[in-house]
Amino acid sequence: MSGTSDDCRNMEDQTEQQQSLVNGNSVAISVNDAKLSNGQAKESPMAIKISNAYKHYTCGQKRTPVLLGLDMEVKKGQIYGLLGPSGCGKTTVLKCIVGKLTVETGSVRVFGEPPGSPGSGVPGPRVGYMPQELAIFLEFNIEETLTYFRRIFGMTRQQYEDRLAFLMKFLDLPSKTRSLINMSGGQQRRASLAIALLHEPELLILDEPTVGVDPLLRSAIWNHLTEMTDCFGKHCTIVITTHYIEEARQANRVGMMRFGKLLAEDSPEALLCRFSKPNLEDVFLDLCLQDGDLETAKVREERTQRRPILKFSKKKSEAKPKPTDLEDGEGCQVVLTNGQGSRPKEKVSATNSAASARSTSSTVAKYIGQKKPNLTSQRVTACMIKTFNRMKKRVGLLVYQFILPALQVSLFCLAIGQDPKELPVAIVNLENQGQPCAGHPTQCPFDMTFVGPEVNEHLQNLSCRYLSFMDASIARPVYYESYEVAHEAVKNGDAWGVISMGHNFSRNLYDRIFESVANEDLTTVNLEKFNASQIQVRMDITNQHIAFTLQLKFAEAFQLFMEQLVSSLKMSFRRADNSYTLQGMALGYSAMIIILERNEGLLDRTWIAGVTPGEFALAHFLVSLVVNFLQVVVTLTFMILVFQVPNEGSLWLVFLLTMLQGVAGTTIGLIISAVCKTQQDATQIALGIFYPNLILSGIIWPVESMPLALR
């Protein structure tokens with residue numbers, strides 16, 4: 001027991017020495033390494049520093065505090081384990097570190113700069129991020145996934161090939177051409193870790209990477225992390241969150257978090273000795289008992305003014321490193337400034353230390369003072385290629401984007417705008433005794449003499465000549481011998497209308513025309529002959545569309561009849577011309593891709609890798625433009641070439657207007673993806689926008705008939 005007490009006392013002395021060194025921003029190193037090769041002073045050893053951070057989430061009028069006066073420090077080259085139960089704010093801390101969230105009060109510094117500042121490189125290439133969810137493209141294979149992030153990070157082909165070969169062996173991944181969806185859960189998690197390690201970042205953020213992982217794989221992951229922080233390497237700093245408290249004993253330093261505040265922050269060995277507990281779980285339980293029970297939100301707000309539970313005493317006489325800790329010669333002793341009280345001291349070569357310092361200096365100098373451009377072509381191109389690859393691998397999405405528009409156009413042309421077929425129409429042709437016409441003459445119905453026109457045998461059955469021009473595929477004639485019977489058939493729903501012509505229709509029509517011409521008074525008409533020469537039509541207008549269609553076909557038939565009659569007289573005839581316009585079809589690229597990537601964690605991972613919202617939106621817009629172009633080509637091809645929809649005017653103008661409708665749809669999709677969190681919400685809003693637009697567009701009913709405000 002006395003030996004154990006002495007060990008703990010020595011541990012406390014070393015811990016107090018660490019605190020003094022850290023708070024004084026001093027590190028015991030060789031004099032040769034005090035400055036870099038170019039004469040500049042070494043950068044601060046602190047990778048992350050959070051001071052009095054406060055963060056809350058707002059839902060309407062309700063504010064939920066998440067971080068309450070959080071203080072946290074992580075030195076370079078450390079593994080920092082952030083422990084705590086679910087919902088205590090661990091993920092929020094990580095998002096603040098990578099610049100995804102900002103704190104309301106307090107400060108967050110990463111490599112001495114606020115996240116998102118031009119010189120921090122975070123979010124960007126200096127950080128590798130592995131979220132709690134997998135956040136991988138399951139339809140991709142390993143190579144395609146890493147190639148996407150390689151383009152974002154701007155790695156050369158040779159750098160990527162070397163790094164890919166190393167990660168495949170280092171993480172024991174299967175074939176690089178194997179789809180991620182066909183891998184086991186452990187393999188998928190290691191593939192997600194490979195994304196974070198691809199570009200050899202200086203800062204590695206891992207949000208519960210061992211959740212749902214078997215103990216063997218969990219141990220292997222921690223072994224990998226320990227190797228990455230080797231002081232002979234690039235001094236990668238790792239922050240890892242977990243609620244498996246005991247596994248954090250492998251970290252250099254742990255922070256125990258509860259209710260948005262750190263209860264304690266020290267090396268695992270120091271905490272075990274201080275509380276005389278056999279494991280960290282008992283230490284955390286003891287700290288929670290000291291902290292008290294669950295508190296209301298009001299009391300939790302007041303905790304920001306509360307002092308930490310553990311207070312380390314600082315003795316100035318013991319804060320200085322001992323002279324024996326520094327040695328002259330080719331190497332130097334590493335003083336335990338990483339919070340590892342029990343780790344043995346190691347010899348570090350001066351050559352290796354200088355090389356590591358130069359490497360770190362060049363990496364840092366790459367970002368300090370460098371303004372990050374808002375748009376870069378390589379990141380926009382990477383996002384575009386990724387989206388096209390996802391579309392290519394998702395058959396359902398291809399069908400939705402290209403086959404469905406063609407199907408919609410086909411259904412539209414087949415179901416809307418077509419004339420109704422086989423409509424029964426009652427015909428009462430008393431000139432032919434109410435019977436169907438067997439035949440009729442088509443020659444001139446009179447001869448010209450010195451006296452004037454004289455009728456001939458071709459004047460017979462002008463009524464049959466008119467009925468021959470009726471489109472029987474639309475208006476199917478049903479003959480009746482009397483008007484009363486035909487009218488009763490219309491009332492009973494057996495016919496849509498009645499066309500009736502008198503006994504001497506042809507002669508009365510001739511007399512009506514030539515008697516007026518002979519009298520040189522077109523306003524004087526024999527009323528009896530006028531009525532007898534009429535084609536009387538009576539319609540059932542319960543369905544106005546069918547009634548209007550039949551009236552149009554009756555008028556077109558009469559126009560053709562008069563044209564043929566006048567042509568037989570060898571006279572000119574001018575007919576009216578009807579114009580038709582193509583009603584454009586609104587095209588919009590679905591917002592589902594953005595919402596899917598956000599819900600899967602891929603959008604956050606892309607942004608933390610360095611892609612700005614402007615770059616992502618531009619890439620999505622350009623992809624949508626290509627998709628809209630192909631959709632317009634398919635749509636117009638089906639409408640004009642297949643269904644023979646007439647277009648009177650410039651085809652290029654039609655194409656341009658339809659493309660503009662697609663751009664409008666894309667813009668609406670971007671807005672929907674920004675305001676909606678789930679696919680169900682996006683679908684409801686899209687339907688809510690579509691139907692009013694359809695009703696107000698004039699397709700169903702003329703715009704001119706609507707109130708002025710709706711126009």
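What follows is one walk through the cysteines.

Guide: Gladly! Please keep in mind that this is a predicted model, in which local features need a pLDDT of at least 70 and side-chain atom pairs count only at pLDDT 80 or more, while totals for chains, interfaces and linings use all residues. To find your way, count residues from 1 along each chain as its sequence is written, and remember that side-chain values use heavy atoms, with hydrogens and water left out.

Let us start with the bond itself. A disulfide here is a pair of cysteine sulfur atoms within 2.5 Å. Searching the whole structure turns up one disulfide. The partners are Cys 437 and Cys 464, and 1.9 Å separates their sulfur atoms. Now look along the S-S bond of Cys 437 and Cys 464: the torsion about it is about -75 degrees, so this disulfide is left-handed.

Next, see where the two ends sit.

How open to the surroundings is each end? For this we use the relative accessible area: buried means under 20%, exposed means over 50%, and partly exposed is in between (1.4 Å probe, protein chains only). With a relative accessible area of 27%, Cys 437 is partly exposed. Cys 464, on the other hand, has a relative accessibility of 2%, so this residue counts as buried.

Cys 88 takes part in no disulfide: the nearest cysteine sulfur belongs to Cys 288 and is 9.6 Å away. Cys 88 has a relative accessibility of 5%, so this residue counts as buried. Cys 273 also counts as buried, because its relative accessibility is 18%.

Along the way you pass from a partly exposed end at Cys 437 to a buried end at Cys 464. Then find Cys 88, which is in no disulfide.
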